[in-house]
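Hello,

Here is the structure I promised to pass on. Please open it alongside this email, and then read the notes below.

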Amino acid sequence: MSETYRRVADEHTPFRDLVPNTQPDNNAPEYGSTHKRHPKQPGLRTPQTVTEIAGPRFSPSHYPAVIDLSRSGGHEAMGERIVVHGRVLDEDGRPVPDTMVEIWQANAAGRYNHPNDVHDAPLDPHFKGEGRVFTDAGGWYQFTTIKPGAYPWRNHFNAWRPNHIHYSLFGPGFATRLITQMYFPGDPLLALDPIFNTVADEHARARLIAKFDIEVTRPEWALGYRFDFVLRGRDTTIVQE
């Protein structure tokens, strides 16, 4: 998947967007961390080996699915329960089955279950904030979780990240991977978020926002959202790391 988002014109030319202004620039000045991480030299074409192209095989037998993040150890996590579903599609709208979709996120208070997160917000002992699902024959996936909270980060004064869920999609090998983020409709922090706004094209940014879905909403239990992934073409899902 990663190769579908960038191409190399030749060995002396940096990576370019397939569609202009739809993928983040390697160096986005408003997003402070990019100056530490973006490539400083032009991209080089490197030959792929069998390992990158055809391995490993990600399957539920080796990577068990975790489809309900809202419970841990038989206990309910705190916060607003939600159901998220969608499809993984190619550029022609055809389903991509057997795709491993990894999920990680902050809890309802905006804190990750990770030792490096020292945000002054409560940890939920019943929320690990990570899961894994696989697409079925129709390219569909679904999981249950808790809506993540916003949290402060030190990118600039009074900076807060919008509510979001991280995704990592694996294809048939290490070289076919997509990392992105899903945001929620109506979030006032989106207009202020440097990561979300690394994408110049507003229509492309809109593809990072989930849609409320009454059909998957469960009465008196959880709101539903839909978020699709498109792996190639003009409507390709935006990279958000």
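**What the model shows**

Of the 241 residues in the chain, 46% are buried. Keep in mind that this is a predicted model.

First, the fold. The chain holds 4 helices and 15 strands. Take the contacts between residues at least 6 apart in sequence: 69% of them join residues at least 24 apart. The surface comes next.

**The largest pocket**

The volume of the largest pocket is about 910 Å³. Its lining consists of 28 residues. Which of them lie nearest the centre of the pocket? They are Y112, N116, D117, Y151 and W153. By type, the lining divides into 9 nonpolar, 12 polar and 7 charged residues. Two strands to look for here are β9 (151–152) and β12 (177–183), as each supplies at least two residues of the lining.

**The cavity**

How many cavities of 30 Å³ or more does the structure hold? The count is 1. The largest cavity has a volume of about 30 Å³. Q105, A106, N107, R111, Y112, N113, L123, D124, F127 and G129 line the cavity. These residues divide into 4 nonpolar, 4 polar and 2 charged. Note Y112: this residue lines the largest cavity, and Y112 is also among the residues nearest the centre of the largest pocket.

**The annotated stretch**

UniProt has an unreviewed entry with the annotation "domain: Intradiol ring-cleavage dioxygenases", and that annotation covers residues 84–112. In the model, residues 84–112 are 0% helix and 38% strand.

Find S59 in the loop between α3 (50–54) and β3 (71–72). Is S59 buried or exposed? S59 counts as buried, because its relative accessibility is 11% and the cut-off for buried is under 20%. Now look across to D98. S59 and D98 are 39 residues apart in sequence, yet their C-alpha atoms are 7.4 Å apart in space.

If you have the viewer open, start with the pocket residues Y112, N116, D117, Y151 and W153. Then go to the cavity lining, which includes Q105 and G129. Finish with S59 and D98, at 7.4 Å from C-alpha to C-alpha.

Best wishes

How values were computed: Residues numbered from 1 in each chain as written. Predicted model: local features only at pLDDT ≥ 70, side-chain atom pairs only at ≥ 80, totals over all residues. Heavy atoms only, no water. 1 Å grid on protein atoms, 1.4 Å probe; cavity = no way out; pocket = protein on both sides within 12 Å on 5 of 7 lines; lining within 4 Å. Points joined across faces, edges and corners; volume = space filled by probe spheres on them. Nonpolar A, V, L, I, M, F, W, Y, C, P; charged D, E, K, R; others polar. UniProt positions renumbered as here; feature names shortened; annotations may be inferred. Buried < 20%, exposed > 50% of the residue type's maximum accessible area, 1.4 Å probe, protein only. Contact = heavy atoms within 4.5 Å.
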